[in-house]
Amino acid sequence: EDEVATARAQQAELTALLADARGRATAAGAAYRLASDPALSGASLVTARVVAVGGSGPSGPERVTIDAGSRDGIEIDHTVVSADGLVGRVVAVAPWTSDVLVVGAPDLVVGVRVGPDGVLGEVSATAARGAPAPAPGRLSLGLVERGEAAPGDEVWTLGSVGGRPFVPGIRVGTVETVRTGVGRLAPTGTLVPAVEPTTLDVVAVVVSPPRSTPRPVATGTG
């Protein structure tokens, strides 16, 4: 009986070690993919893991808590990304943790560019003006007047002044449907998010400081 108990204890210990090793490997792989993203080239990143989940809406969790905070250089309105694309923005910071408002939350609107021509638009969880509400797990897409998009077009962040709350060029999702309403010039549609919020694990916070030097001046040659 003692030998059986010892063997079981050893098996439990090995199982825990294996799970830990797998978790570390997953985190290392995700961190590598994040660091390799061309859109984040030159950016300073703080990697973290999701440790708590807030309330959920039609698109999934609307807030998550990560295990990095002000002592790691995190500030409110920093961009949060995963290896798949945009996660959201930081909305609250404690010394060792931060709360992130996730794409798909009703209060979050993201300025975007759509398709190969980079048509301007915005993405949110609420219906665009004159359009039906998006289905669960989908986002609403609204384009500028006379803008064009097609199913399958990639959508990425437009960017914000100083890179906060969103840095440019981060993948947001893929256009699923496009709809042109009667008497409406601006098309609307639905978007499949790049990030599945129900399976979030390893993320990164973009902590690069905002631009502090003026834009270079060019001389016209026409």
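**Before selecting**

This is a predicted model, in which local features need pLDDT of at least 70 and side-chain atom pairs count only at pLDDT 80 or more, while totals for chains, interfaces and linings use all residues. Residues are numbered from 1 along each chain as its sequence is written, and side-chain values use heavy atoms, with hydrogens and water left out.

**Stop 1: the salt bridges**

The structure holds five salt bridges (a side-chain nitrogen of Lys or Arg within 4 Å of a carboxyl oxygen of Asp or Glu). Three of them are visited here, including the pair D201 and R49.

Select D201 and R49: their closest N and O atoms are 2.6 Å apart. D201 belongs to the loop between strand 13 (188-193) and strand 14 (202-206), and R49 to strand 1 (residues 45-53), so this pair ties together parts that are 152 residues apart in sequence. Strands here are DSSP runs (E, at least two residues), numbered from the N terminus. D201 is partly exposed at a relative accessible area of 26%, and R49 is also partly exposed, at 28%. The classes are buried (under 20% relative accessible area), exposed (over 50%) and partly exposed in between, with a 1.4 Å probe and protein chains only.

Next, select D77 and R89, whose closest N and O atoms are 2.6 Å apart. D77 is partly exposed, with a relative accessible area of 25%.

Then select E176 and R138, a salt bridge with closest N and O atoms 3.0 Å apart. E176 sits in strand 12 (residues 171-179) and R138 in the loop between strand 9 (119-124) and strand 10 (139-143), so parts 38 residues apart in sequence are tied together. Both are partly exposed: E176 at 34% and R138 at 27%.

**Stop 2: D153**

Select D153, in the loop between strand 10 and strand 11 (154-157). A polar atom of the D153 side chain lies 2.9 Å from the backbone nitrogen of A150. Beyond four places in sequence, D153 touches V114, G115, P116, G173, T174 and V175 (contact means heavy atoms within 4.5 Å).

**Stop 3: S140**

Move to S140 in strand 10, which is buried at 3% relative accessibility. Its side chain reaches the backbone oxygen of T126 at 3.3 Å. Contacts of S140 beyond four places in sequence include E122, S124, P134 and G189.

**Stop 4: strand 14**

Finally, select strand 14. Five of its five residues are buried, so strand 14 is largely enclosed by the rest of the structure. V202, A204 and V206 lie on one side, with V203 and V205 on the other. In a regular strand the side chains alternate between the two faces of the sheet.

Strand 1 runs antiparallel to strand 14 and is joined to it by five bridges; V46 has V205 as its bridge partner. Strand 5 is also antiparallel to strand 14, with three bridges, and V81 stands opposite A204. Two strands pair if DSSP finds at least two bridges between them.

Key:
Helix = DSSP H or I, 4+ residues; strand = E, 2+ residues; numbered from the N terminus. Polar contact = N/O pair within 3.5 Å; in protein donor to acceptor, adjacent residues only side chain to side chain.
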